[in-house]
Structure formats: C-alpha cells, structure tokens
Amino acid sequence: MDHVVHFEIPADNEDRAQAFYEKTFGWSIFKSPIPNWDYRLANTVETDEKGWPKSLGVINGAIAPRKAPEDKPMVVIKVDLLEDALTRITAGGGEITMQPTPVGEIGIYAKFKDTEGNILGVWQDLKKPADPSATAA
C-alpha cells in the first residue's frame, strides 16, 4: 500500500515561515544539504542518523518557496515505482503537473492533480547499487 511520507508548505518568505513553525510548534528546520536546491527540511519529530522519524506513524516535511499564488500545502505519497504510479494516476482521471525530477541521489519526485483539483506529490526512493566489496570475503 502506498502511504504519505512527507508534506510541503509553500512560503512567500521562508525565513518568516521557518521562524513561525520553529517557535509555534518546536520544529527543527534547516536548509536541505542537496546543492542548488532551495528547500528547507522540517523535522516535526526526532530523527535517526539518516533523517527518518524515530516514532511510528509520523512524517516530516519541508518549507518550499511559493512559485505561484495558487500553491497550497500538499502531501507526498511514497510509491515503489514512480512510472507505474503515474500511469495509474492518469488512468484514474488524474493529471501529471510536474514530470519526474531527480532529487539528488535519494529519489525521484513528481506532482499530480487528482480528480478533485488537488495537487499532490509522488516519491520513489532511489535504490543504491549494492557495494560489491561488501560480499567479497
């Protein structure tokens, strides 16, 4: 089953939004370590060394620059294969609004409009190839 793994909050002023969410909810917000990517990650709970939430049933998110006045907060759904999900989305009456885009070496991201006009994201983790030296012994 595909599930929600992330949220995005658009901001006209990222510094102001960061200050609001840190002060109001105690979130830890920091700039993404991915070069040339204007994005602030928002940890809503304690995370492990890889950045994943330590608590079950919770998600972290981000503050992103608002690119258009109609940009609204959205959720991101993790899928096994992005291309398959995009096929299911269009077959179900949805529309792809942002083509698959690599995010560093960690994943591939796309956006779609559902049948009700809502914009959501879909995410596929990138699997790193196994280290051949790990099995040589």
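## A tour of the sheet, strand by strand

Start with serine 28: it stands opposite asparagine 43 in β3. This is a predicted model, so local features need pLDDT of at least 70 and side-chain atom pairs count only at pLDDT 80 or more, while totals for chains, interfaces and linings use all residues. Residues are numbered from 1 along each chain as its sequence is written, and side-chain values use heavy atoms, with hydrogens and water left out.

**Whole chain**

Zoom out. The chain has 3 helices and 8 strands. Both kinds of element are DSSP runs numbered from the N terminus: helices are H or I with at least four residues, strands are E with at least two. From the N terminus on, the order is β-α-β-β-β-β-α-β-β-β-α. The C-alpha atoms fill a box of roughly 55 × 40 × 30 Å along the principal axes. Of the 137 residues, 32% count as buried. Buried means under 20% relative accessible area, exposed means over 50%, and partly exposed is in between (1.4 Å probe, protein chains only).

**The sheet**

Colour the strands next. They make an open sheet of 8 strands, in the order β2-β3-β4-β1-β5-β8-β7-β6, with mixed pairing. The edge strands are β2 and β6 (95-103), each pairing on one side only. Neighbouring strands of this sheet are turned by 25° against each other on average, direction ignored. Axes here are lines fitted to C-alpha atoms, for helices over the stretch in contact, and angles run from 0 to 180 degrees between N-to-C directions. Two strands pair if DSSP finds at least two bridges between them. Strands of a sheet pair through backbone hydrogen bonds, either parallel or antiparallel.

Select residues 28-31 and 40-43. These are β2 and β3, paired in the antiparallel sense over 4 bridges. Move on to β4 (residues 60-65), which runs antiparallel to β3 and is joined to β3 by 3 bridges. Pick leucine 41: its bridge partner in β4 is alanine 62.

Now select β1 (residues 3-11) and β5 (residues 74-78). They pair in the antiparallel sense over 5 bridges. Valine 4 stands opposite isoleucine 77 in β5.

**Two helices on the sheet**

Show helix α1, residues 14-25. Helix α1 lies across β1, β2, β3 and β4, and runs at about 155° to β4. Then show helix α2, residues 82-91. Helix α2 packs on the sheet and touches β6, β7 (107-113) and β8 (119-125). The direction of α2 makes about 170° with that of β6. Contact means heavy atoms within 4.5 Å.

**β8 and its neighbours**

Select β8. 6 of its 7 residues are buried, so β8 is largely enclosed by the rest of the structure. On one side, 3 bridges join β5 to β8, and these two run parallel. Lysine 78 stands opposite tryptophan 123 in β8. β7 pairs with β8 in the antiparallel sense over 7 bridges. Lysine 113 stands opposite isoleucine 119 in β8. The hairpin of β7 and β8 has 5 residues between the strands, and there glycine 117 takes a positive phi near 90°.

Go on to β6. β6 and β7 pair in the antiparallel sense over 6 bridges. Isoleucine 96 stands opposite phenylalanine 112 in β7. This hairpin has 3 residues between the strands, and glycine 104 takes a positive phi near 50°.

**Stop at isoleucine 108**

Isoleucine 108 lies in strand β7. It is partly exposed, with a relative accessible area of 21%. Show its contacts. Leaving out residues up to four places away in sequence, isoleucine 108 touches Leu82, Pro100, Thr101, Pro102, Val122, Trp123, Gln124 and Leu126.

**The largest pocket**

Finish with a surface. The largest pocket has a volume of about 1700 Å³. Grid points are joined across faces, edges and corners, and the volume is the space filled by probe spheres set on the points.

Select β1 again: β1 gives the most to the lining of the largest pocket, with 7 residues.

Methods: 1 Å grid on protein atoms, 1.4 Å probe; cavity = no way out; pocket = protein on both sides within 12 Å on 5 of 7 lines; lining within 4 Å.
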